[in-house]
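I opened a notebook on this structure. The entries below keep to what I looked up.

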Amino acid sequence: MATTACFIIVSRNDIPIYEAEVGSAAKREDAAQLHQFILHAALDIVQDLAWTTSAMFLKAIDRFNDLVVSVYVTAGHTRFMLLHDSRNDDGIKSFFQEVHELYVKILLNPLYLPGSRITSSHFDTKVRALARKYL
Amino acid sequence: MAPAAPRSGDAIFASVERVNAELFTLTYGAIVRQLLTDLEEVEEVNKQLDQMGYNIGIRLIDEFLAKSNVSRCVDFKETAEVIAKVGFKMFLGVTASVTNWDADGTCCSIVLEDNPLVDFVELPDTCQGLYYCNILSGVIRGALEMVSMKTEVTWIRDVLRGDDAYELQVKLLKQVPEEYPYKDDE
């Protein structure tokens, strides 16, 4: 498991709808803000890159010291952004694909409004379990 | 002797027209979603779903009797069995079981293990009081009313609220004797 990892889902309207710190490192007060800041900065690069390729998985598009940003863009232009310090590309790809499946299930819930915050605890548990498995 | 009523709806289910399950589930979901937006109050949505179910039920019973070839039920127990085994199979593709009879046979529970209406659904905090499948209780109430049984149908267990199955309590309030619109001597 990665020591530091931060996972954020950003809706197509650039609003974060899900956040999770999934690293095993001890929580630091300022870490969460720093991670948000790095991911926010990476959004511009995603926007440019997303239209140049047909791939959904954009590997290591940005870095900050030893932290790397990998992104998965869904067909509906929702972005799954992962900040990580591990170099396990296959694991990250599988992680994104499985989270994508979970996300589709969330979207199919008629009581969920697309673009609103994901509050489902079931989703949260599953994502954390996937992070432990693949990252 | 009248032919025995079919004990399962498998044969009828095989011959009726069907729609794609996901289309069905999502259409029902869209209806509930729209009701929540329009009526705002969860309680009102429950009421509206029940009313919609009632309106479906009073029509559905005719189709059910026409296609299922069930004979007249001798008592309420048989009625409940037919609803669970034939009715649910015919229209929803699942079978239910009947349990928890009370002593005088007027109140029972229909337990659904599997419910095609709720695939994908998870109740958010804002809709905690919602009976998502309330349309089903309305359907049963409406259908039984058309065959002269006044009933009260309530949800006892709901998987969406954290229980392990769906349980509908059906309570027979009274049997309305059939009334003829004319007198014999007229």
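I call a residue buried if 20 or more other C-beta atoms, placed from the backbone, lie within 10 Å of its own, exposed if 12 or fewer, and partly exposed in between. Helices (H or I, at least four residues) and strands (E, at least two) are DSSP runs numbered from the N terminus.

The model is predicted: local features need pLDDT of at least 70, side-chain atom pairs count only at pLDDT 80 or more, and totals for chains, interfaces and linings use all residues. Residues are numbered from 1 along each chain as its sequence is written, and chains are lettered from A and ligands numbered from 1 in the order in which they are written.

Entry, helix 2 of chain B. I found Y28(B), G29(B) and V32(B) buried. The face turned away carries exposed residues, among them E22(B), L23(B) and D38(B). After the helix comes E40(B), with a positive phi near 65°.

Entry, helix 2 of chain A. I looked up residues 89-108. The buried ones are I92(A), F95(A), F96(A), V99(A), Y103(A) and I106(A). D90(A), E101(A) and V104(A) are exposed on the face turned away.

Entry, the two chains. Twelve residues of chain B are in contact (C-beta atoms, placed from the backbone, within 7 Å) with eight residues of chain A.

Conventions:
Contact = placed C-beta atoms within 7 Å. Expected span 1.5 Å × (residues − 1).
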